[in-house]
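Please keep the sequence and the model open beside the points.

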Amino acid sequence: MTKLRTNSSLLAAFASLVVSGVLLTGQQPAGGPFTAEQASAGKAAYDADCAACHGADLKGSFPLTGEGFIGGWRSRTTRDLFGLIQTTMPANNPSGLPEATYVNIVAYILQFNGIAAGTTPLTATTDVRIGGPTAAAPTQAAPPAAAPAPAPAPAAQQAPAGRGAGPQGAPAGQGRGRGQEPPPTGLTVRGEVKNLARVTDDMLRNPAPGDWPMLRRDQYASSFSPLTQITQNNVQDLQLQWVWPMNEGGTNQPSPLAKDGTIFLNNTGGIVQAIDGRTGDLIWEQRLGVNIAMRGMSLYDDKLYLALSNAHLVALNARTGEVAWDVEMPDGRGSSSGPLVARGKVIQGMGGCSPYVERRCFISAYDAATGKQLWRFNTVAREGEPGGDTWGSLTNLYRAGGETWITGSYDPDLNLTYWGTAQAKPWMPVSRGMYTLDKALYTSSTVALDADTGKLAWYFSHAPGEALDLDIVFERVLVDSGGQNLVFTVGKDSVIWKLDRKTGKYLGHKEGTFQNVWESFDPKTGEPRYRADIIDHEIGQWIDGCPSTEGGHNWQAMSHHKQSNQLIIPLSQSCIAIRAQKIEQVPGGGSGGGADRRFYEMPGTDGNVGKLAAFDVNSMKETWALQQRAPFLTSVLSTGGGVAFVGDLDREFKAVDTRTGRVLWKTRLSTSVQGFPISFAVDGRQYIAVTTGLGGGSPRLVPSTIAPEIRVPTTGQAMYVFALPERK
């Protein structure tokens, strides 16, 4: 199954279709409702096409076994599991594989999670219940023989891929084919970055104009480059300088960094590379053997910091790529986004907090020199704690969710770090045994934490009792304007929030797209209130709402264009019908989803799913908007030259005028343009770098449902670097 869909929303729904032991419904065969031959064929298909993302042991970036998977819906059936996989995967071509392949992969997943093969073949219409109150615990299935692996590494002496290089010159190569030996891990290409200055706290706060040392460039999460060489008047002259083919397989949402002319690039499959930003020549390559959180790395001192899918933090020597330290985060879980560095502390969020277990989601900090854990803040309040009375009658065991799967930001003057939290789990209050007006703190909130201690300074609940999988977990952008210290965020409901970042006081909001889930907002506190039918929803009842779980806004970050004092935000326009399922409250159970969903076009958009819009920081008024059929799949990069860059599902990378939103330049790349574009400078020349990729969940799945005519190649993950012609 090529590139299973991997956004947290869909993955949670898929993972919640759990295999937990003996099948109980109806007349059961000996063992499970599949044969050993089907499971064997399913393993071969899984190893070839799924393992690069989900792991050969099903414990990769998006696990299909373990707590988060096994603790899901015990009342669903094999037909449900088959139907969800077939209709949503591969992400870029749902239902594109032979029916037998989907059936066999389901059989393999069942077997891996402890169900023995039987004598009755599984079919697409087999409809037997998975698990139940007397189900046996999963047995230890034989793990796959080899770890997921990209293509073999090149010999150290091989000439690196340079300007315009093709796949044959790329160490990351293509995904591993069947029968190949896994490539080695460790430092597979040796070299040294010359003249790399150590990164200081001041550099993270205010980077040199030509550098991009952390996700979204600075601690304020501005995604703004002050470079001015590329302007509104000359951007049409941009030329491709070089291409770097990236590892194929998995969800590719890279967040490259640039320091002193060197690019640091994270690939799928656990590959990290240092590349000469001027020539595209490889300097060093490290293969960690474990998937890296794609959305975010950070440079600090002489190290490059990464988060891994196995809940480890790793520090590499930025000059050589050698591992400086590798530590397990105590009680932690992996995340799809990486760390923030503040005052010598590596601060990391967490995903995968849907199971009904004692361990809760937390934000934690680690010593940048040693990796020692320094503090943690629990994002779900327990009984007897502040906020603990906001979970209705739920006991601690059944309080789930509150993931922090998007990297936070930091104010060095206030010494506060700002993080968004995801909703309580399962998605809909009736499924989690709560009333919609129970706030479930500190989920669906902004939390401001003391960076030295992790203590809560303030919080703001953006979606009390969040009910429709409309996360408010995304970037917190810090802006100083009009004598105020502000923090902005926007969630899947498309509501743009403006808060005082010293106190958390509500200062205003703006709806970025059409929305009809919030009936009203308190004019003083900003607290929103759902429509009556959402408040009173019941199990099995379809509820309509706009935007959909694709998000009015999702992980693709906004940019603060400092010269015009605008927020430029990638938005999406689609709607949803959602239906709550009954989720049993049993230890080890729970669900990262717990609802059925159907998607449709947003009224009044003329079928335009993608929207790029600018909003004035002070007035919150929309100043311009660019709408198109294809959704935008990159964060926004804005520059001092008055140009903003953004990429989309239909393979186009665009430059727009920050004053009007008018398209000034565009080019079409190998596959969907996805990730975090950056701008950097080498020897006084400004460059723009952007990546292409596949995977990515709801921002891709929903358009594939409502805009099926947009088709993209199933390979082509790469980094492209552009610049103006050199002056002679």
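Predicted model: local features only at pLDDT ≥ 70, side-chain atom pairs only at ≥ 80, totals over all residues.

1. Residues are numbered from 1 along each chain as its sequence is written, and side-chain values use heavy atoms, with hydrogens and water left out.

2. The protein chain holds nine helices and 41 strands, where helices (H or I, at least four residues) and strands (E, at least two) are DSSP runs numbered from the N terminus. Of its 728 residues, 66% are buried; buried means under 20% relative accessible area, exposed over 50%, and partly exposed in between, with a 1.4 Å probe and protein chains only.

3. The largest nonpolar core has 91 residues, and Phe264, Leu304, Phe645 and Met719 have the most contacts inside it. Such a core is a set of buried Ala, Val, Leu, Ile, Met, Phe, Trp, Tyr and Cys residues joined through side-chain atoms within 4.5 Å. Strand β41 (residues 718–723) gives the most to this core, with six residues. Apart from it lies another core, of 34 residues, among them Phe460, Val495, Tyr530 and Val702.

4. Helix α6 (residues 99–112) is mostly covered, since 10 of its 14 residues are buried, including Tyr102, Ile105 and Phe112. After α6 comes Gly114, whose phi is positive, near 110°.

5. The whole structure contains 31 salt bridges, each being a side-chain nitrogen of Lys or Arg within 4 Å of a carboxyl oxygen of Asp or Glu. Lys492 forms one with Asp469, their closest N and O atoms being 3.7 Å apart. Because Lys492 lies in the loop between β23 (484–490) and β24, and Asp469 in the loop between β21 (456–461) and β22 (477–481), the pair ties together parts that are 23 residues apart in sequence. Both Lys492 and Asp469 are buried.

6. Which side chain of opposite charge is nearest to Asp500? Asp500, in strand β24 (residues 495–500), is buried yet has no salt bridge, and the nearest such side chain, that of Lys502, is 6.4 Å away; here Lys and Arg count as positive and Asp and Glu as negative, while His and the chain ends are not counted. The side chain of Asp500 does, however, reach the backbone nitrogen of Lys502 at 2.7 Å.

How values were computed: Polar contact = N/O pair within 3.5 Å; in protein donor to acceptor, adjacent residues only side chain to side chain.
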